[in-house]
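Hi,

Here is the structure I said I would pass on.

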Amino acid sequence: MKQALAIGIENYKEMIDKDYCYVDKTLFIKELLRQKGKVNLFTRPRRFGKTLALSMIKTFFEKEIDKNGESVDKTPYFTGKNIMNAGNEYTQLLGRYPVIFLTLKSAKQPDFYLAYEMIKRQIMREYDRHSYVLSCNFLNPEQRNRFEQILNGEPDPSLYMDSLLFLSECLKKYHHENVIILLDEYDVPLENAYFEGFYEKMSGFIRSLFESALKTNDNLEFAVITGCLRISKESIFTGLNNLEINSLLSNDYAEYFGFTYEEVNQLLNYYELEQETDTIKQWYDGYRFGNTKVYNPWSLLNYIKAISIKGETYPKPYWSNTSSNSIIHELVDQADNTVKQELEILIAGGSIKKPVHEDITYEDIHQSSENLWNFLFFTGYLTMTEVHFFDDSIYLNLVIPNAEIRYIYRHTVREWFESCVRHTDYDNFYHALLSENAEEMEDFISNQLIKSISYYDNKESFYHGYLAGILGGLSGYQLDSNQESGQGRPDILLLPFQPKKPAILIEIKQTGNYTKMEQLCQNALKQIKEKQYAAPLLAKGYQHIISYGICFCQKAAMVKCAIRNE
């Protein structure tokens, strides 16, 4: 029986205890120790294994104390793993240090008080996890009282502003070893606070919490911090000269977040799904961290589970369902003509060249479209194919990584476009339609398409749906789309509730050549006539019938009209 896949499980011990399939990333530990970074910041997109990586580090290094005051043996959690073959200089550190682990990913609340309370509760849980220190005599009465106040959630905010520093002091006294601090998703409360409007308050609290623990902490062995963005301008890490930043541009550690090609091949072989290689590559591959190409681990595991357990046979955008994708909405809502053109290039599979700024902030997001492109890159909605250096600046060739992320763009743009369609006044267009004014109809449609963002690959089905959406709002008419009439199906049929009003037949054509538009309009009108689309309408008593041949070429439309009164 093959090992089960763990979807959404971010606790390393649970992964091993329940014998889930684990892609071995334990050499991450060796690399941390080899490079000897004091405070290490790793920025990666969401769902790329950051929390699980920190949990694995915690499990390896922590000198864990159980309820009976005994040390927990960590050897079973790493037996057979790559780190155990790395050498004694690394394995001798198994279970040696006290560890503080704090995740901030739950601080997504509508106001500062609630977000602060969620962080406070995480701190209280970590104090409770280390409450064994109260059983010894190493703490003086003042320290013991302060520890208990935090443990009990006393309301004084000053207790928590340097609570990680204080906890590390207590742990050092108990264990006689320096402390490892692990901070997960540090930028989540900052992102949330920006969008909810209390950014200054939250950044001030996070700054105090981090600076005290990471900048002036003599009890610190080393720290690992994870997030999506490098945020330095807010002074979260002001003066922290021991900070080593590992971003998407860095070559170091690149293979420890996401799945490499070799790891994906091993997974597919293990689950006997080699035939899915091409589909998985198209949908979930395409990311590049430094010089290493990786797959999206969240989506890949979901897909493997779906086809091997649930019997599904088609890929889905699993990653897009784990967030609001608000950054894409920001870009689309504020897009000027240049940004619209660049979005069209990306959605069509092309690339754009942009300068990269690793230290942008949430406050910078609306200052320029360049900042939005940076956010899209660092959060995983774009990836790089080439890196260029010019005038001391870094420029990247950016592309949409794969079909899954392209789906997010298409879906967001489609929602935006449909919203624009719903909120447009179509009275003039309807008047032109009913009064056989083909030229005015043509101008109206073309102008609306010019203002749009193309996401439809110039397919006739898009134009059909677009026109049907507009014409569905014509008062006093019933719209039928591709209904049987005569010897075939007209693309769109508009039947008036009052037979004295004109009935309307529309046949749609699409081309990639502007010079062919007029001929295709005439072909559409000829098709309406030769296939006798009007015959059933005449039989029902409609006497005034207007036929339209409409041809689309990218963002241009041509409309030709024929009137039949019989």
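**The pocket, and what else turned up**

The largest pocket is lined by 50 residues, and those nearest its centre are Arg 46, Arg 47, Phe 48, Lys 50 and Glu 185. Bear in mind that this is a predicted model. For the volume of that pocket, I have about 1,200 Å³. Helix 3 (50-61), helix 9 (188-196), helix 13 (297-308) and helix 14 (326-333) are the elements that each give two or more residues to the lining. If you sort the lining by class, you get 27 nonpolar, twelve polar and eleven charged residues.

Besides being one of the residues nearest the pocket centre, Arg 47 has a phi near 65 degrees, which is positive although the residue is not a glycine. In general, most residues other than glycine have a negative phi. Arg 47 sits in the loop between strand 1 and helix 3, and is partly exposed, with a relative accessible area of 31%.

Two other non-glycine spots go the same way on phi. Gln 554 has a positive phi near 55 degrees and belongs to the loop between strand 15 (544-553) and strand 16 (556-565). Gln 554 is partly exposed too, at a relative accessible area of 38%.

Now the inside. The largest nonpolar core has 127 residues, and the ones touching the most other members are Phe 28, Phe 61 and Tyr 409. Helix 17 (residues 403-422) contributes the most to this core, with eight residues. Another core lies apart from it and has 48 residues, including Leu 139, Leu 159, Ala 213 and Ile 225.

What does Phe 28 touch, leaving aside its neighbours within four places in sequence? The contacts are Phe 42, Ala 53, Met 56, Ile 57, Tyr 253, Tyr 256 and Phe 257. Phe 28 is part of helix 2 (residues 27-35), where Phe 28, Ile 29, Glu 31, Leu 32 and Leu 33 are buried. Note the Glu in that list. The buried residues of helix 2 pack against strand 1 (39-43), helix 3, helix 4 (88-91) and strand 4 (220-227).

On to the strands. Strand 14 (residues 503-510) is largely enclosed by the rest of the structure, because seven of its eight residues are buried. On one pairing, strand 13 (residues 492-496) runs antiparallel to strand 14 over three bridges, with Leu 493 opposite Leu 505. Strand 13 and strand 14 make a hairpin with six residues between them. The pairing of strand 14 with strand 15 is parallel and has eight bridges; there, Ala 503 has Ile 545 as its bridge partner.

Strand 8 (residues 292-295) also has two pairings for you to check. With strand 6 (residues 259-260) the pairing is antiparallel over two bridges, and Thr 260 partners Val 294. With strand 7 (residues 287-289) the pairing is antiparallel over three bridges, and Arg 288 stands opposite Lys 293. Strand 7 and strand 8 form a hairpin with two residues between them, and Gly 290 in the turn has a positive phi of about 60 degrees.

Cheers

Note on methods. Residues are numbered from 1 along each chain as its sequence is written. This is a predicted model: local features need pLDDT of at least 70, side-chain atom pairs count only at pLDDT 80 or more; totals for chains, interfaces and linings use all residues. Side-chain values use heavy atoms; hydrogens and water are left out. A nonpolar core is a set of buried Ala, Val, Leu, Ile, Met, Phe, Trp, Tyr and Cys residues joined through side-chain atoms within 4.5 Å. Buried means under 20% relative accessible area, exposed over 50%, partly exposed in between (1.4 Å probe, protein chains only). Helices (H or I, at least four residues) and strands (E, at least two) are DSSP runs, numbered from the N terminus. Contact means heavy atoms within 4.5 Å. On a 1 Å grid over the protein atoms alone, a cavity is a set of points where a 1.4 Å probe fits but cannot get out, and a pocket is an open set with protein on both sides within 12 Å along at least five of seven lines; lining residues have an atom within 4 Å of a point. Grid points are joined across faces, edges and corners, and a volume is the space filled by probe spheres set on the points. Ala, Val, Leu, Ile, Met, Phe, Trp, Tyr, Cys and Pro count as nonpolar, Asp, Glu, Lys and Arg as charged, and the others, Gly among them, as polar. Two strands pair if DSSP finds at least two bridges between them.
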